Amino acid sequence: MDSSHAISFNEAEFQLLFEEAGLADTPAPDMDRVDKVIERSMHEKAIKDTASFVFRGFPAAMMGFLAVAANAVGDKDADYRT
């Protein structure tokens, strides 16, 4: 970036801009909204963890079932289907 084209702002200018826009005061937090956001994030985390478990665990379980069905587990003389 060319420094000759850079705009110089100081803290007071920023404060003045925020005051002119009506954004100088910090609004009070809406606790109902905060609770809804927390609840939604917990649901999303539970869904993510469940989907991750299913999609990572299902192929391994299917391979195990297929190995047992094909008698490909361990010793050839052992029958694990019984």
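This is a predicted model: local features need pLDDT of at least 70, side-chain atom pairs count only at pLDDT 80 or more; totals for chains, interfaces and linings use all residues.
Visitor: What makes up the secondary structure of the protein?

Guide: The protein has two helices and zero strands. One of the helices is α2, which covers residues 31-69.

Visitor: How much of the protein counts as buried?

Guide: Of its 82 residues, 0% count as buried; the label needs a relative accessible area under 20%. The accessible surface comes to about 7800 Å², and carbon and sulfur atoms account for 62% of that.

Visitor: Why is Phe-55 called exposed?

Guide: Exposed means over 50% relative accessible area. Phe-55 has 66% relative accessibility, so Phe-55 counts as exposed. The residue is found in helix α2.

Visitor: Which residues make the nonpolar surface patch that includes Phe-55?

Guide: The patch is made by Phe-53, Val-54, Phe-55, Phe-58, Met-62 and Phe-65, and has an area of about 720 Å².

Visitor: What makes the pair Arg-40 and Glu-44 a salt bridge?

Guide: The rule asks for a side-chain nitrogen of Lys or Arg within 4 Å of a carboxyl oxygen of Asp or Glu. In this pair the closest N and O atoms are 3.1 Å apart, and the contact therefore qualifies. In general, side chains of opposite charge can pair when their charged atoms come close.

Visitor: How are Arg-40 and Glu-44 placed along helix α2?

Guide: Arg-40 and Glu-44 are four residues apart in helix α2, so about one helical turn separates them.

Visitor: What links Lys-45, Lys-48 and Asp-49?

Guide: Lys-45, Lys-48 and Asp-49 are linked in a network of salt bridges, with Asp-49 taking part in the bridge to Lys-45 and in the bridge to Lys-48. Lys-45 and Asp-49 lie four residues apart in helix α2, which means about one helical turn between them. Asp-49 is partly exposed because its relative accessibility is 34%, while Lys-48 is exposed because its value is 54%.

Visitor: Which residues gather in the patch of negative charge?

Guide: Asp-30, Asp-32, Asp-35 and Glu-39 gather there, on the surface. Asp-32, found in helix α2, has a relative accessible area of 53% and is therefore exposed.

Definitions and conventions
Residues are numbered from 1 along each chain as its sequence is written. Side-chain values use heavy atoms; hydrogens and water are left out. Patches are made of residues with over 30% relative accessible area and no salt bridge: like charges are joined within 9 Å, nonpolar side chains (Val, Leu, Ile, Met, Phe, Trp, Tyr) within 5 Å. Accessible areas come from the Shrake-Rupley method with a 1.4 Å probe; for residues, only the protein chains shown count as cover. Lys and Arg count as positive and Asp and Glu as negative; His and the chain ends are not counted. The place of a charge is taken as NZ of Lys, CZ of Arg, CG of Asp or CD of Glu. Buried means under 20% relative accessible area, exposed over 50%, partly exposed in between (1.4 Å probe, protein chains only).
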